[in-house]
Amino acid sequence: MWPLDPSRKEVLRFAVSCRVLTLMLQALFNAIIPDHHAEAFSPPRLAPSGSVDQLVEGLLSGLSHWDAEHFLFIAEHGYVYEHNFAFFPGFPLALWVGTELLRPLWGLLSLRSCLLISVALFNSLFSVLAAVALHDLGCLVLHCPRQAFYGALLFCLSPANVFLAAGYSEALFALLTFSAMGQLERHRSWTSGLLFALATGVRSNGLVNVGFLVHSQCQGFFSSLMVLSPLRPLLKLMGSVFLSVLALGLPFALFQYYAYTQFCLPGSAHPIPKPLLQLAVDKGYRIAEGNEPPWCSWQLPLVYSYIQDIYWNVGFLRYYELKQVPNFLLAAPVAILVVWATWTYVTTHPWLCLTLGMQRSKNSETQEKPEPGFLSPRVFVYLVHAAGLLLFGGLCMHVQVLTRFLGSSTPIVYWFPAHLLQDQEPLLRSLETVPWKPLAGDSPSGQKVPRNPIMGLLYNWKTCSLVTQCILGYFLTYWLLGLLLHCNFLPWT
């Protein structure tokens, strides 16, 4: 898929090491710290568990908490309850494929154990491939191999690490999104559109990615005006935009239609096991065989909007309450990072931003060489995407999810810290005179710098700049704290 040059090999090695360490630590933390009794979705187990199942549960149950339980439940039973439709089918479908691959073990393991193993294996694979895809994307966009390398290594230490390992859809979404972006940078619009559409089937914010396709098509339109009459390029642009919106909107529309057939059309419901029916009675969950839900009579019957409103209380400024201050503090670092990145970019390229990335300077005849790295003009559309996600998430969502929301959706969260490290860390700057390769052997006197520069900075923590300590401190603290809290049903969602 990607040629394995030395930098990609190091990204791959480091990503695999981080995934293995993550699985080991979640098992350790889950074993030594008792689970908090949280008010979370907890369906009954329908199949008996043997000794091997108990072993799997002991090793991997830390990956099944909070929203992960919904994904596991959907993969095992389908969309039984109305609120299950808050979770898109792409990831449960991947878990179902995993259980089919484990079919030879069905006599030894329960379906639940097979699902947990699928989570551990698939999300490890997805996150490793996402790191390589991010490195590939960085090389294409930044034209600065060092920053692309640093950004991919930082992704391996993502503050959203626990959600890339647990039974959440973030790892698959990041892989599909970064891969789609890379294909678009190679001008493979059809492949990119397919990958973006698949990403929309995994997470709802995949719909926003249509902006990348539209921006690319607008760039082609303005370029063609130089040599063609405007009518033909305009018709082509309108057709391309229509197809892009249709392709990315189709998975969402089909999912909403499936919910409509289950809850709003008589005779469409499937049989539900008695223990799950009893859970619905005990907890007040709505099932398809009950009364018709109010959203069925809406002019545009979208179950997703209804669930976010009624079950999760998601809406404009609804989370702005005094009791939510700790959650705002939890989301503050990633928000500051994106705001800082936006300010840095806009103040460097004001005219580029005013022209929506179409023109680098007021003098259209100027042919200056684009600046490499984070400040490259090609980063503009990625920055707008990140800023838009932050604005929507900060105003309309539960703000504590911003870390995983942004960490799995935008490369800016990794490219801007990589830019800061390269620009403000003396240890890295002193090595930029060396021909490009992952940092090795030759290092300043008294300092250890292995092939992995991020590890080199950690080895020499005391001599690092304040910016470096803040960046790596944030990434590592959230990396570890997320594992410690999330895997024991403590508030880290």
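All figures show a predicted model.

**Figure 1. The loop between helices H13 and H14 holds Leu-317 and Asn-313.** Helix H13 covers residues 303–310, and helix H14 covers residues 325–348. Leu-317 lies in the loop between them and has a positive phi of about 60°, although it is not a glycine. Asn-313 is placed in the loop between H13 and H14 as well. Its phi is near 55°, again a positive value in a residue other than glycine. Most residues other than glycine have a negative phi. Leu-317 has a relative accessible area of 37% and therefore counts as partly exposed. For Asn-313 the relative accessible area is 41%, so Asn-313 is partly exposed.

**Figure 2. Thr-344 sits in helix H14.** Is this residue, Thr-344, buried or exposed? The limit for a buried residue is a relative accessible area under 20%. Thr-344 has a relative accessibility of 16%, so it counts as buried. Leaving aside residues up to four places away in sequence, Thr-344 touches Leu-375 and Phe-416.

**Figure 3. Helix H18 is mostly covered.** This helix runs over residues 412–424. Of its 13 residues, 11 are buried. At 1.5 Å a residue, H18 should span 18 Å, and its end C-alpha atoms are 18 Å apart, so the two values agree.

**Figure 4. Helix H1 packs against helix H5, with the axes coming within 9 Å.** H1 is formed by residues 6–32 and H5 by residues 111–142. Their axes cross at roughly 150°. Because angles over 145 degrees count as roughly antiparallel, H1 is roughly antiparallel to H5. The crossing of H1 past H5 is right-handed. On the H1 side, the contact is made by Ser-7, Arg-8, Val-11, Leu-12, Ala-15, Val-16, Arg-19 and Leu-23. On the H5 side, the contact is made by Ala-120, Ser-124, Ser-127, Val-128, Ala-131, Val-132, His-135 and Asp-136. By class, the residues in the contact of H1 with H5 are nine nonpolar, four polar and three charged.

**Figure 5. Phe-41 lies in the loop between helices H1 and H2.** Helix H2 covers residues 51–60. Phe-41 has a relative accessible area of 7% and so is buried. Which residues does Phe-41 touch, not counting residues up to four places away in sequence? They are Glu-69, His-70, Phe-73, Tyr-81, His-83, Asn-84, Leu-279 and Tyr-285. Ala-68 is 27 residues from Phe-41 along the chain, and their C-alpha atoms are separated by 9.5 Å.

**Figure 6. Helices H8 and H9 pack at an angle of about 160°.** H8 consists of residues 170–185 and H9 of residues 189–200. The axes of the two helices are 8 Å apart. The angle makes H8 roughly antiparallel to H9. H8 passes H9 in a left-handed crossing. From H8, the residues in contact are Phe-173, Leu-176, Thr-177, Ser-179, Ala-180, Met-181, Gln-183 and Leu-184. They meet Ser-189, Thr-191, Ser-192, Leu-195, Phe-196, Leu-198 and Ala-199 in H9. The contact of H8 with H9 has nine nonpolar and six polar residues, and no charged ones.

**Figure 7. The buried residues of helix H9 pack against helices H8, H10 and H11.** H10 covers residues 210–224 and H11 covers residues 231–263. The residues of H9 that are buried are Ser-192, Gly-193, Leu-195, Phe-196, Ala-197, Ala-199 and Thr-200. H9 has 12 residues and reaches 16 Å from its first C-alpha to its last, close to the 16 Å expected at 1.5 Å a residue.

**Figure 8. Helix H6 is largely enclosed by the rest of the structure.**

Terms used: Residues numbered from 1 in each chain as written. Predicted model: local features only at pLDDT ≥ 70, side-chain atom pairs only at ≥ 80, totals over all residues. Heavy atoms only, no water. Axes fitted to C-alpha atoms, helices over the stretch in contact; angles between N-to-C directions. Helix = DSSP H or I, 4+ residues; strand = E, 2+ residues; numbered from the N terminus. Parallel < 35°, antiparallel > 145°, perpendicular 65-115°, else oblique. Left-handed = near helix turned anticlockwise from the far one by under 90°. Contact = heavy atoms within 4.5 Å. Nonpolar A, V, L, I, M, F, W, Y, C, P; charged D, E, K, R; others polar. Expected span 1.5 Å × (residues − 1). Buried < 20%, exposed > 50% of the residue type's maximum accessible area, 1.4 Å probe, protein only.
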